[in-house]
Amino acid sequence: MISKASQSFQVASPSVADQARLRLAPVIRIALLLAASVIMLAPIAFAVATSLRLPAESFSLPPRWLPLPPDWSNYKMVFQQVPLKSYIGNSAFVTLSIVIGQLITSALSGYAFGRLQFPGRNVLFWLVLATLMIPLQATIIPVFVLISKLHLADTLASLILPALSTAFGTFLMRQYFMQIPNEFEDAALLDGANQWQIFFNIYLPLAKTGLAVLAILTFNAYWNEFLRPLIFLKSIDKFTLPLGLVNLQGYMGTGSISVVLAGVVISLLPVLAVYLVGQRYLIEGIMMGGLKG
Amino acid sequence: MSVQAREHPASARRPRLFAKLTEPSLAGMARRKAAMGYLFILPTVLGIVIFTAGPVLASFGLSFFEWNVIDSPKWVGLQNYDHFVHDSRALNSFVTTGKFVLLAVTLQIFLSLLLAIGVQATRSKILRYFFRAAFFLPLLTSAASIAIVLAYMFHQDFGVINYYLGKIGIAHIPWLNSSGWALITIVLTYVWQQIGFTFIIFLGGLAGIPADVQDAADLDGATGWRRMWDITIPMLSPTLLFAAVIGVIGALQVFAEPFVMTNGGPGDATRTVVMVMYESAFSFLQIGYGSAIAVVLFVAILVVTAIQFRLSRSWVFYQ
């Protein structure tokens, strides 16, 4: 179906038939893109529509995509069925702590690797960068052991502590700091600023796009994170949102999917808000290789 | 240093450390910058050593031990690896993951390239904004939560997908209940979620094709598929390589979708490498064996990536 979309690029040869196709081509292309959009948005629309239907009707077919009048009782129910408030609070606390931590550590290390001279700098930078190749799975068992030895198993700190420093964030912030001209430093030195002031008052504000990119990518990654919470957390009241929802789906089964989907919709809201506010930064970060699952 | 401090009465009255930090000489500045450099990278380097570099080595080390967390670890040499090559369930998970990666990454790159070319050719600003949002949004959702939604939609009897397929005369497909279909369903779910990533990368790559190349193609009368194969794809090839490398690395680690939607089943049809690693280490508490699987996966990722770069020499075109 979608392969037809590219046929629409067979443009411009002079015959009459071709000219007719040329006029038709954009219409077909846009029709196919609209069809693709419907497919891409359908699961989100399904979750929202079903969450607003009576639980008894949640499996009724044909599906009602416009749940009128909306029934909000699922949203009340999901808070009663599971400690959703704790899930939201835990997710928010973990995610925001990691975002703030990564902003601090990456701003410092990115500035050092990008703008300060010190012996061994390049070797150290490449070593840090090389750790980007290491997948989470290759470290998670020893990290779990370490967390247990530190008596941090089943605490939110077990999720936060190992995530505070980041090779990707270091790389990203270094790129932004390196783009800023040296003249700012020279001028600040003439004004009598010391090195800390040059970093904090001059270069850090100039790299705020990088900070925004990193904050948004990090927020998204950790708000949605599943594997680490699944392994590190045991008690229900410590669960983060994705873990709590999967757990809820597990014991509700197909009993009342509208309640589960109400929870899913709640978990999507912050992410949608972030897209509306910061899509420019998101896209910039993705182009640099961030947000890879 | 101290000589200078004596020459400046104002700074001589300050504590010595502060004098060092504020002295104006060039050599002093270089030294301060170096000290600051080490200080600034300390949190990152420490964190990476403790939570990434150290653990990777520890995974490797643990893979030579038998350990159930409670008793003390017992050195078993290569026994875990020996067990691995005879463990049909683990080997099968590599085959399953390989199939998954091949299907998912191919489909993802093919579809997202078509979408990106389509959106790139769309002039209307509003439509472009809408398409970009529609194709991109799934990427922002949590793989685990959205797998819940798609599992309901793919439900054999009550799912909306089979309902609409039924309307056009296609009998109910056992999306998640047959070992033939389950992996395909996981692929579709994964691609649906990940497509926005390659889409955005391709859109950026397409925008980066220089106008003079496009003009030259116009002058030569290059149109349609020829233009696509001779100009767009070669110009985009570094972006395609980037997308393929990142896509394969991500897909090799697939976990949440099969965990939530099928729990590896039916049978072992969707049991991926990370699922087997997770079960070994955290359900059966075979820390050593789980580590061995993690090491094999890590090596597989490195090897596959190296092969991709090697093969890319014959098809990637750098301007």
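Buried area is the accessible area (1.4 Å probe) that two parts lose on being put together, summed over both. With that in hand, here are the close-ups. The model is a predicted one, in which local features need pLDDT of at least 70, side-chain atom pairs count only at pLDDT 80 or more, and totals for chains, interfaces and linings use all residues. Residues are numbered from 1 along each chain as its sequence is written, chains are lettered from A in the order in which they are written, and side-chain values use heavy atoms, with hydrogens and water left out.

**View 1. The interface of chain B and chain A buries about 8,500 Å².** Carbon and sulfur atoms give 80% of that area. Contact (heavy atoms within 4.5 Å) links 89 residues of chain B with 97 residues of chain A. Look for Phe40(B), Phe51(B) and Tyr152(B): together they supply 10% of the area that chain B buries against chain A, more than any other three residues.

**View 2. Lys33(B) and Glu185(A) form a salt bridge.** The closest N and O atoms of this pair are 2.8 Å apart. The rule (a side-chain nitrogen of Lys or Arg within 4 Å of a carboxyl oxygen of Asp or Glu) finds 1 salt bridge across the interface of chain B and chain A. Helix α4 (residues 26-62) of chain B gives the largest share of the side that touches chain A, 21 residues; helices here are DSSP runs (H or I, at least four residues), numbered from the N terminus. By class, that side of chain B has 67 nonpolar, 19 polar and 3 charged residues. Ala, Val, Leu, Ile, Met, Phe, Trp, Tyr, Cys and Pro count as nonpolar, Asp, Glu, Lys and Arg as charged, and the others, Gly among them, as polar.

View 3. Ala47(A), Thr50(A) and Ser51(A) supply 67% of the area that domain 1 buries against domain 2, more than any other three residues. The count between these domains is 0 salt bridges.

**View 4. Residues 1-13 of chain A have pLDDT under 50.** pLDDT is the predictor's confidence in each residue, from 0 to 100. For this stretch the model has 28 contacts beyond four places in sequence. Chain A has a mean pLDDT of 87, and 89% of its residues reach 70 or more.

Technical notes. Helices (H or I, at least four residues) and strands (E, at least two) are DSSP runs, numbered from the N terminus.
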